[in-house]
Amino acid sequence: MTMSSEQIALEIAKALDAKQADDIKVFDVGEVSGVTDFYVVATGTSAPHLKALVSETQRHMKSLDVASYRTSGASDSGWVVVDYIHAVAHVFSPEARAYYNIERLWATAREVQLPHPGR
């Protein structure tokens, strides 16, 4: 079964939620970005939490036969990016998320309503 870009993004969000990521947001950036269709943004509470969030996301997506193209950054840096081509996950420490405020780049993008409550 082939997943749509939005389904990939929602599954990433689901994996992040399973490991208690904070403030999970999914943006449909297809109209405003030439890089990908969806960005998923989430916050972890510490470097070990960021590592667990990325690990769970990769495990979950692999179980769905969705391979990541590339992972950049390190949990110690406060920002890890996992690229699934059609959806890209950004996992931040609270400080890095506040500093970079990347949501402002997608201010005109549609925010996707998550089917699960999140945090």
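Predicted model: local features only at pLDDT ≥ 70, side-chain atom pairs only at ≥ 80, totals over all residues.
Two residues are said here to be in contact when heavy atoms of theirs lie within 4.5 Å. Leaving aside neighbours within four places in sequence, Tyr-84 is in contact with Ile-8, Ile-12, Thr-57, Gln-58, Met-61, Val-66, Ala-67 and Ser-68.

Is Thr-57 buried or exposed? Its relative accessible area is 2%, and because burial is taken as anything under 20%, Thr-57 counts as buried. The side chain of Thr-57 reaches the backbone oxygen of Leu-53 at 2.8 Å. Beyond its neighbours within four places in sequence, Thr-57 is in contact with Ile-12, Ala-15 and Leu-16, as well as with Tyr-84.

Helix α1 comes next. After α1 comes Gln-20, which has a positive phi, near 60 degrees.

In soluble globular proteins, nonpolar side chains tend to be buried together. The largest nonpolar core in this model has 25 residues, and those with the most contacts inside it are Ile-8, Ile-12, Leu-16, Ile-24, Val-26, Val-40 and Tyr-84. Two or more residues of this core come from each of α1, β1, β2, α2, β4 (79-83) and β5. Helix α1 gives the most, with five residues. Apart from this core lies another, of 10 residues, among them Phe-27, Val-41, Ile-102 and Trp-106.

The strands form an open sheet of six, in the order β3-β4-β5-β2-β1-β6, with mixed pairing. At the edges stand β3 (70-74) and β6 (110-112); each has a single partner strand, so one side of each is left without a neighbour in the sheet. From one strand to the next, the twist averages 20 degrees. Strands β1 and β2 pair in the antiparallel sense over five bridges. Phe-27, a member of the 10-residue core, has Tyr-39 of β2 as its bridge partner.

Helix and sheet can now be placed together. Helix α1 lies across β1, β2, β5 and β6, and runs at about 10 degrees to β2.

Conventions: Residues numbered from 1 in each chain as written. Heavy atoms only, no water. Helix = DSSP H or I, 4+ residues; strand = E, 2+ residues; numbered from the N terminus. Buried < 20%, exposed > 50% of the residue type's maximum accessible area, 1.4 Å probe, protein only. Polar contact = N/O pair within 3.5 Å; in protein donor to acceptor, adjacent residues only side chain to side chain. Core = buried A, V, L, I, M, F, W, Y, C linked by side-chain atoms within 4.5 Å. Pairing = 2+ DSSP bridges. Axes fitted to C-alpha atoms, helices over the stretch in contact; angles between N-to-C directions.
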